[in-house]
Amino acid sequence: MSKFYARRQLSIVAALTGLIASVGLFNGPTASAALPTPVSATTARSYLSALDVRTEDRTGYNRDLFPHWITQSGTCNTRETVLKRDGSGVVTDSSCAATSGSWYSPYDGATWSAASDVDIDHLVPLAEAWDSGADSWTTSRRQSFANDLTRPQLLAVTDNVNQSKGDQDPATWMPSRTAYRCTYVRAWVQVKYYYDLSVDSAEKSALQSHLASC
């Protein structure tokens, strides 16, 4: 069976089972509908088995190679769009900047009332993507990855939690809130699969371990 055909079959399975994955997606008392629903754990395990395993290489990486926070609609850029999507009662000014609202961070369970306390996390970090195959992409594709609102790739979270995560993969970093870990690894695998990115051996082992308990 060709790799293309196998991927197409898995995509069909994901479409049929995706609704199941929404059960318990946020598990937070004030969480709103935010991150696009990841594929189910069963589909994520199938996706993971299809990913290439390769040693990572960060040679040549520069964050500027991933144009991000591009304009999405009117005066709203990607960050502002996610802040509105993930927040509750968000009020914006004429330039689309959030002036009030609340944001629940599923990584640590904290709720914030100032947009300045919230970062938009690239769930699969830009540097991790570069290490895993994005070094060969066009700038246009890297821009699409860095601003992807369709896949479960962008999420509003506590700023210092996002900073502590940095560019780590699930082998070395997971959300402190254990109730969110299954969602996190399902989303991670879905994004890597969609963009045909590789995993390293430690990353794959960690993902397999977490998915086994989903």
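Helices (H or I, at least four residues) and strands (E, at least two) are DSSP runs here, numbered from the N terminus. What you have is a predicted model, where local features need pLDDT of at least 70, side-chain atom pairs count only at pLDDT 80 or more, and totals for chains, interfaces and linings use all residues. Residues are numbered from 1 along each chain as its sequence is written, and side-chain values use heavy atoms, with hydrogens and water left out.

Let's start at Ser105, which sits in strand β4 (residues 98-105). Ser105 is buried, at a relative accessible area of 2%; buried means under 20% (1.4 Å probe, protein chains only). Skip its neighbours within four places in sequence, and Ser105 touches Ala110, Ala156, Val157 and Thr158, a contact being heavy atoms within 4.5 Å.

Now hop to helix α5 (residues 139-146), where Arg142, Phe145 and Ala146 are buried. They span an arc of only 95° around the axis, so they lie on the same side of α5; the arc is taken from the directions from the helix axis to the C-beta atoms. Their cover includes β6, α4, β7 (154-158) and α7 (181-194).

Two of those names come back at the largest pocket: β6 (118-122) and α4 (126-131) each supply at least two residues of its lining. β6 gives the most, with 4 residues. Of the 14 lining residues, Arg63, His122, Pro125, Asn162 and Gly166 are the closest to the centre of the largest pocket. By class, the lining has 6 nonpolar, 3 polar and 5 charged residues, with Gly counted as polar and Asp, Glu, Lys and Arg as charged.

Methods:
1 Å grid on protein atoms, 1.4 Å probe; cavity = no way out; pocket = protein on both sides within 12 Å on 5 of 7 lines; lining within 4 Å. Buried < 20%, exposed > 50% of the residue type's maximum accessible area, 1.4 Å probe, protein only.
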